[in-house]
Amino acid sequence: MFTQSKISVDDNIAEKVVKLYRDLDNARGGAYGTWHSRRIRTNPYAWFDNTFNRVAESIGDLVIDEWWFNCGAPDDEYRWHSHNPYPWAAVLYIQTPENCGGLEFKRHGEFQVFQPAVGDFLIFPGNLAHRVLKNHSTDFRISVAFNLKSR
């Protein structure tokens, strides 16, 4: 359902994302409450440059069309969704406290749950249904989502 690799995540990114979460008037995930930043086409954050570039280098012939940060507070979850019309989607995990909730995929009645760790980078079809399970930790689960397309 997905391919997995590891990408080195620079120090202090989690703190910067939490600051964005607290300081900016950005989107929230409706009744589920998971915060996500506005979708971005270029990288306006110098503190994310190195990690962003490692992601861009790792995706081969694909390109990042848009991306955003996700910050799931304790008890946050996110509903079933997909990334249509994009052919590919990806997620990089920045902070994953114990019991922070996994990423559940669904295809043709089959379900698969991925338990993330820092640096896990997943690429999956954009039409693959998935949801983020409830964060049962006492800290933020932080990731970066990407919508990818062919060159």
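**Cysteines, fold and nonpolar cores of the predicted model**

A search of the whole structure, which is a predicted model, finds 0 disulfides. A disulfide is a covalent bond between the sulfur atoms of two cysteines. For C71, the closest cysteine sulfur is that of C100, and the separation of 12 Å is too far for a bond. C100 is likewise in no disulfide, since the nearest cysteine sulfur, in C71, is 12 Å away. With a relative accessibility of 0%, C71 counts as buried. C100 also counts as buried, at a relative accessibility of 5%.

The chain contains 2 helices and 11 strands. Along the sequence, these elements follow the pattern β-α-β-β-α-β-β-β-β-β-β-β-β. The radius of gyration is 14 Å, close to the 15 Å given by the globule rule for 151 residues, so the chain is as compact as a globular protein of that length. The C-alpha trace spans about 35 × 35 × 25 Å along its principal axes. Of the contacts with a separation of 6 or more, 80% are between residues 24 or more positions apart. Buried residues account for 51% of the 151 residues. The chain exposes about 7,700 Å², of which carbon and sulfur atoms supply 46%.

In soluble globular proteins, nonpolar side chains tend to be buried together. In the present model, the largest nonpolar core has 31 residues, and W67, F69, F121 and F146 have the most contacts inside it. Two or more residues of this core come from each of helix 1 (13-23), helix 2 (49-58), strand 4 (62-72), strand 6 (88-95), strand 9 (120-125) and strand 11 (141-150). Helix 1 gives the most, with 6 residues. The surroundings of F69 illustrate the packing: when residues up to four places away in sequence are not counted, F69 touches V17, L20, W35, H36, S37, Y45, W47, F48, S143 and V144. Another core, of 12 residues, lies apart from the largest one and includes V91, F105, F124 and L128.

Just after helix 2, G60 adopts a positive phi of about 60°.

Key. Residues are numbered from 1 along each chain as its sequence is written. This is a predicted model: local features need pLDDT of at least 70, side-chain atom pairs count only at pLDDT 80 or more; totals for chains, interfaces and linings use all residues. Side-chain values use heavy atoms; hydrogens and water are left out. A nonpolar core is a set of buried Ala, Val, Leu, Ile, Met, Phe, Trp, Tyr and Cys residues joined through side-chain atoms within 4.5 Å. Buried means under 20% relative accessible area, exposed over 50%, partly exposed in between (1.4 Å probe, protein chains only). Helices (H or I, at least four residues) and strands (E, at least two) are DSSP runs, numbered from the N terminus. Contact means heavy atoms within 4.5 Å. A disulfide is a pair of cysteine sulfur atoms within 2.5 Å. The radius of gyration is taken over C-alpha atoms; the globule rule is 2.2 Å times the number of residues to the power 0.38. Accessible areas come from the Shrake-Rupley method with a 1.4 Å probe; for residues, only the protein chains shown count as cover.
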